[in-house]
Amino acid sequence: DRETCRRVLIMRHFEEKPPFTRCDASCDNCARSALGQDVLRRNFAIEARPIFLTLKFAGGSMTMTKFLRTITNSKESEPLAPWQREAINAALLAAKNHTSGSTSTEFFKEMMDILSQMGYVSERIVKGGYSTYSVYALTSDAQQFCTQSPPALILPTPETVMNAERELKDKLDAIKKKLFDGGVDTSQIPAHELERGSGEIIDAELEWMNKLAYYRSTGNERRADALLALLRKIESWRDERAVA
């Protein structure tokens with residue numbers, strides 16, 4: 001259960017009546033709820049498609065180890081036809097471009113668990129000679145999501161995605177602060193570059209700032225000041241030409 005308060009679940013387990021429905025966001029489920037419903041559940045059709053394709057092309061049931069080796073095309077992966085491998089790789093690229101953290105091993109494990117709970121993947125426990133392990137297979141309900149244009153697949157947001165997005169936000173905030181502290185007018189930077197934290201303009205500004213910082217840290221103040229003076233002349237010439 002990824003939505004009910006963990007403290008409520010624990011109290012119910014011990015047959016106690018919880019005096020609240022949610023804690024003060026001290027558990028992971030309540031923390032997600034505090035972020036909003038659009039964060040809790042999203043359309044993960046693009047991100048889940050590589051998983052569905054891997055299970056479909058492999059055929060039969062797969063252990064988690066075999067699945068991870070196959071979807072990442074690592075050693076001892078399930079043998080696939082070239083066109084099948086190309087389809088999985090294309091789906092992985094689409095997922096990576098769409099959502100941060102959606103092609104990591106941790107994401108695949110967490111998403112497999114979610115898809116199993118939702119009935120799109122079947123999980124069967126196998127008893128071996130020395131241990132028990134799970135094997136996974138595609139269900140008939142999941143076939144529709146293997147197509148090039150799958151329908152919406154609304155699922156709980158995996159923790160790995162939320163963590164990756166928090167890390168990305170922190171990184172972007174740090175880049176914006178560095179640009180602002182360096183005197184860069186971020187309103188003149190294209191929105192798509194600010195969203196990614198990279199691009200022709202941002203990369204050039206950061207390279208310039210890093211170069212100045214390097215010169216100053218190595219005691220080459222005169223060179224850094226000369227570059228700044230040259231920049232001011234260029235900006236002054238540009239502004240004069242713009243007015244003319």
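## Close-up views of a predicted model

**View 1. Ala174 is partly exposed, with a relative accessible area of 46%.** Residues are numbered from 1 along each chain as its sequence is written, and side-chain values use heavy atoms, with hydrogens and water left out. Ala174 sits in helix α8. Helices are DSSP runs of H or I with at least four residues, strands are DSSP runs of E with at least two, and both are numbered from the N terminus. Along the chain, Gly197 is 23 residues from Ala174. The C-alpha atoms of this pair are 9.5 Å apart.

**View 2. Helix α7 meets helix α8.** Helix α7 covers residues 105-118, and helix α8 covers residues 159-181. Two packed helices are described by the angle between their axes and the distance between the axes. Here the axes come within 8 Å and cross at roughly 140°. Each axis is a line fitted to C-alpha atoms, for helices over the stretch in contact, and angles between N-to-C directions run from 0 to 180 degrees. Which residues of α7 meet α8? They are Glu106, Phe107 and Glu110. Their partners in α8 are Glu159, Thr160 and Val161. Contact means heavy atoms within 4.5 Å. By class, this contact has two nonpolar, one polar and three charged residues. Ala, Val, Leu, Ile, Met, Phe, Trp, Tyr, Cys and Pro count as nonpolar; Asp, Glu, Lys and Arg count as charged; the others, Gly among them, count as polar.

View 3. The expected span is 1.5 Å times one less than the number of residues. Buried residues of α7 include Phe107, Phe108, Met111 and Leu115. Glu110 is buried too. Gly119 follows α7 and has a positive phi, near 90°.

View 4. Helix α10 spans residues 200-217. From its first C-alpha to its last, α10 reaches 26 Å, close to the 26 Å expected for its 18 residues. What is buried in α10? The residues are Ile202, Leu206, Met209, Leu212 and Tyr215. Just after α10, Gly219 takes a positive phi of about 80°.

**View 5. Glu15 and Glu76 are shown in their loops.** Most residues other than glycine have a negative phi, and most peptide bonds are trans. Glu15 has a positive phi, near 60°. Glu15 lies in the loop between α1 (6-13) and α2 (28-35). Is Glu15 buried or exposed? Glu15 is exposed, at 77% relative accessible area. Glu76 is not a glycine either, yet its phi is positive, about 65°. Its loop runs between α5 (64-71) and α6 (82-98). Glu76 counts as partly exposed, at 47% relative accessibility.

**View 6. Thr70 is buried in the model.** Thr70 is part of helix α5. Its relative accessible area is 0%, so Thr70 counts as buried. Leaving out residues up to four places away in sequence, Thr70 touches Thr54, Met62, Ser77, Glu78, Leu80 and Arg85.

**View 7. His98 is in helix α6.** His98 is partly exposed, at 48% relative accessibility. Ile46 and Glu47 are in contact with His98, leaving aside its neighbours within four places in sequence. Ser77 is 21 residues from His98 along the chain, and their C-alpha atoms are 25 Å apart.

**View 8. Trp237 is exposed in helix α11.** Its relative accessible area is 54%. Trp237 and Thr147 are 90 residues apart in sequence. In space, C-alpha to C-alpha, this pair is 56 Å apart.

**View 9. The domain assignment gives three domains, 1-34, 36-157 and 183-243.** Such bounds come from an automatic or database domain assignment. The C-alpha centres of domain 1 and domain 3 lie 50 Å apart.

Conventions
Predicted model: local features only at pLDDT ≥ 70, side-chain atom pairs only at ≥ 80, totals over all residues. Buried < 20%, exposed > 50% of the residue type's maximum accessible area, 1.4 Å probe, protein only.
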